[in-house]
Amino acid sequence: MVNAYWLDFNRLHSADYVFRLTQDAAAFTSGIVDDIPSFLSSAVKFAASFCVLAYYQPMIAVFTFVFGPIAFFITRFYSKKIKRTYQMIKEYDSEINEKLQENFQNLPIIKVFHLEELSSNTIENIYHQRKNLIIKNAILNNIMNIIRALFSWGGYFLAYSVGILGIYNGTISLGVIVIFLQLFNQIQQPMAELAGSIPKMLAFYTSAERLVELEKLNSECDSHCIEIPSILSIEMVNVNFSYPGRENQLTNINLRADAGNIVLIMGKSGSGKTTLIRLILSLIKPDQGEIIFYDGQNNPVKANAGNRQWITYVPQGNSLFSGTIADNIRYGNPSATDEEIISALTFAQAWDFVSTLRDGINSVIKERGVGISEGQAQRIAIARALVHKAPAIIFDEVTSGLDAETEKCIMETMKRDFKHKTLIVITHREAVKEYADKIYRMHHGSLIQE
Ligand SMILES: Nc1ncnc2c1ncn2[C@@H]1O[C@H](COP(=O)(O)OP(=O)(O)OP(=O)(O)O)[C@@H](O)[C@H]1O
Ligand SMILES: [Mg+2]
């Protein structure tokens, strides 16, 4: 799943992925371990008893099962409905997970806007619809079982009557009827078990389908990584891109970030700056045009999922994981030593506050950076990017949460101590211009060099 193409991955809600990978995977596993073996064992028991009966008296065996195909065709209609309700119940389950996750994550918004009642009503409403579906499902299952039972007992009485008639005519011996009465239970019980396992099999099938959908996500190709070069230039040549269902979002983009340069990208909110970065990182593919990386020997290589490691990246917004500060920074380089982490924190102007924490770099950050400020989270994210030894760095509005002085210190450090790194900075701050070797402005989907 982590190899899925980013735009495809975004089609489902993250809570839906979690639900599928936990609940559906558990239902699938119990189907494989419990339901399918017991279905097969009932089928074998049924077939064996049927064969024994057919051996002694084929006619009685046929009459016992004569209604089987009819019951099968009638209940097929119900099976389809039951399968659909199972799918809808799963969709509601995912929706409940999605709403709960979003409500918990945005608890301050819910409190500030007094959305407590609305939020619980929305979730209650989904639970209510789910409950109705479960009742509908239980009714359908019961109707299906009653139809099966009726046809099964109908077969029994028909076969029994044929047997009695046979004794009367002298065509069937009493011994065969005794065998029939003995074997009937052996046929009836597995038949009931088979009927009872059908809803479980339908639920199993629904979960399996939902997991197979995940398998169908398009994977990124070219995900092998070539050795990281010491310096890197980045070029975009006549690149066009639009998100699915949108038009002319980025048109004819030409950009060159030479090794060791600081390149600024400015422009209005929503003009396409982050989209341009996603293109450079091969998270999305250009509709037209090319993105080329040049290494120290000026060898051109097309940007792809494999060589995105040549660039380190600090995204817009909070991108921290729950865990310690050191854990978070080691996402940039798992083998980073404590000294390297402290040095990266110092460059990112974060060591001042981390060193005052009781546990220093081993202080725990909770989910989505709870426990530290937005600006502190951004500086830890910068430190994480710095321990990843890549020749190019991209900052997507990372200094927006910082005061002017801290921002100045970070930019000065970058210019002074990271001379050989190519730095692409997206910013709205005019003050950053003084550190730039080149400035581009994004305007109505076009990139203009100032
Ligand atoms: N995943 C997506 N699917 C569809 N459209 C998107 C997606 N992400 C962004 N867009 C749209 O693409 C356009 C450019 O978005 P982008 O995030 O690149 O803007 P931006 O310049 O980075 O804005 P900001 O300064 O607010 O971060 C916007 O109109 C946005 O609505
Ligand atoms: Mg953006």
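Select helix α2 (residues 14-56) together with helix α7 (residues 174-215) in this predicted model. Their axes come within 7 Å and cross at roughly 155 degrees. Since angles over 145 degrees count as roughly antiparallel, α2 and α7 are therefore roughly antiparallel to each other. The crossing of this pair, α2 and α7, is left-handed. Colouring the contact of α2 with α7 by residue class shows 24 nonpolar, 7 polar and 7 charged residues.

Next, select L115, which sits in the loop between α5 (107-112) and α6 (116-169). From L115, draw a distance to N103: the two residues are 12 apart along the chain, and their C-alpha atoms are separated by 9.7 Å.

Now widen the view to the whole protein and colour by domain. Domain 1 covers 6-215 and domain 2 covers 233-449. Taken over C-alpha atoms, the centres of domain 1 and domain 2 are separated by 52 Å.

Finally, centre on ligand 1. Which residues are closest to ligand 1? They are Y243, S269, K273, T274 and T275, among the 13 residues that surround ligand 1. Select helix α8 (residues 273-280) as well, for this helix supplies the largest share of the shell around ligand 1, with 3 residues. By class, that shell consists of 1 nonpolar, 10 polar and 2 charged residues.

Key: Residues are numbered from 1 along each chain as its sequence is written. Chains are lettered from A and ligands numbered from 1 in the order in which they are written. This is a predicted model: local features need pLDDT of at least 70, side-chain atom pairs count only at pLDDT 80 or more; totals for chains, interfaces and linings use all residues. Axes are lines fitted to C-alpha atoms, for helices over the stretch in contact, and angles run from 0 to 180 degrees between N-to-C directions. Helices (H or I, at least four residues) and strands (E, at least two) are DSSP runs, numbered from the N terminus. Angles under 35 degrees count as roughly parallel, over 145 as roughly antiparallel, 65 to 115 as roughly perpendicular and the rest as oblique. A crossing is left-handed if the near helix is turned anticlockwise from the far one by less than a right angle, and right-handed if clockwise. Ala, Val, Leu, Ile, Met, Phe, Trp, Tyr, Cys and Pro count as nonpolar, Asp, Glu, Lys and Arg as charged, and the others, Gly among them, as polar. A residue is near a molecule or strand if its C-beta atom, placed from the backbone, lies within 6 Å of it. Domain bounds come from an automatic or database domain assignment.
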